[in-house]
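Dear colleague,

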Amino acid sequence: MTEDSEALGEFDRIARFFAPLAKDAPGAFGLTDDAAALPPLAEGQEWVVTVDALVSAVHFLPDDPPELVARKALRVNLSDLAAMGAVPYGYTLALALPKDMAEPQRWLAAFSRGLAADQAEFGIHLLGGDSVSTPGPVTLSITAFGRGPRDGVLRRSGAAPGQDVWVSGTIGDGALGLRVAQGLLSGRFADLADRYRLPAPRVTLGPRLAGLATAALDVSDGLVQDAGHIATHSGCRLVIEAPLVPISASVADLVSDDPDLFAEVLTGGDDYELLFTAAPEAADAIEAAGREAGVSVTRIGRVQSGAGVEVLDHHGAPLDGLTARGWRHF
Ligand SMILES: [Mg+2]
């Protein structure tokens, strides 16, 4: 591409690839001003803000399609907003591309196509950003803004003994999907690799849980580790019954072939499901919220006094060997 042999200036780059993504956000001023303006909030709302940084070869592979890199970066942020019970509004983007990158225009075109696709899917807009070159790898950071209930955003600190532990969707697709994507598990399970590459942030469920859930977060490090975050910040113990943890048909297939993979289901990361606690009386309302959002919700355990996380097998005996492996980088 001839254009790639020319250095496209920063202003042209913004006008061509990023301004179209901001055209429907009034406060973005077409990306021509020094900063964006956020609209006033309705009564009873407050802004919720989250930021994530991604580095090539650490958080994604250098040859991953730029469309997917863009969409995953955005979705990881939307998942954090959902975990706080906030409705996504918009985002800003900081992008650093390698000075010696081959065909940067082609990369930017694909990257901005990915952003446009998810903007349409989630009803959000680019509000502002910066684009620079770097001697290092592709690096990007997205800051997402959402509107949450004033004084009612979901925190990690509200779980209390006697409450139930719930999770949305299915667990383990992301972790086993990474293995499929790496060619370590059968290509028959391409659906899992797709879920790893493109998580589904629970943006419609999260806001419906505000006022129902007592604590919440999104599962990015792994179910057990993230349950530990709620336990720590709430000052209590989370008991998870392993047989209740919802898994997809593909994960069930893989685990029945190799039961050792179940540990990976419970401790691998990248699920982007919501893990939350609630009083037992809220169970019917939570089921209804799940139906309205079109996302399954499953009760997987309970909150007790104490500390840490205990996972029980189908005999009710503690499952050992689930040492927090944490989220593993490539
Ligand atoms: Mg999170």
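This is a predicted model: local features need pLDDT of at least 70, side-chain atom pairs count only at pLDDT 80 or more; totals for chains, interfaces and linings use all residues.

Residues are numbered from 1 along each chain as its sequence is written, and side-chain values use heavy atoms, with hydrogens and water left out.

The metal site

The magnesium ion has Asp80 (OD) and Asp218 (OD) as its protein donors, and they lie 2.1 Å from it. Donors here are N, O and S atoms within 2.8 Å of the metal (3.2 Å for Na, K and Ca), and because water is not among the atoms, sites may look incomplete. Asp80 belongs to helix 3 (residues 66–83) and Asp218 to strand 6 (residues 213–218), so this pair ties together parts of the chain that are 138 residues apart in sequence. Helices (H or I, at least four residues) and strands (E, at least two) are DSSP runs, numbered from the N terminus. Asp218 is buried, at 3% relative accessibility, whereas Asp80 is partly exposed, with a relative accessible area of 22%. For these words, buried means under 20% relative accessible area, exposed means over 50%, and partly exposed is in between (1.4 Å probe, protein chains only).

The salt bridges

A search of the whole structure finds 17 salt bridges, each being a side-chain nitrogen of Lys or Arg within 4 Å of a carboxyl oxygen of Asp or Glu. One of them joins Arg71 to Glu121, with the closest N and O atoms 3.8 Å apart. Since Arg71 sits in helix 3 and Glu121 in helix 4 (residues 104–122), the pair ties together parts that are 50 residues apart in sequence. Arg71 is buried, with a relative accessible area of 18%, and Arg71, Arg75, Asp118 and Glu121 are linked in a network of salt bridges.

Another salt bridge is formed by Arg299 and Asp164, whose closest N and O atoms are 3.6 Å apart. This pair links distant parts of the chain, with Arg299 in strand 9 (residues 297–304) and Asp164 in strand 5 (residues 164–168), 135 residues apart. Asp164 is buried at 11% relative accessible area, while Arg299 is partly exposed at 31%.

With kind regards
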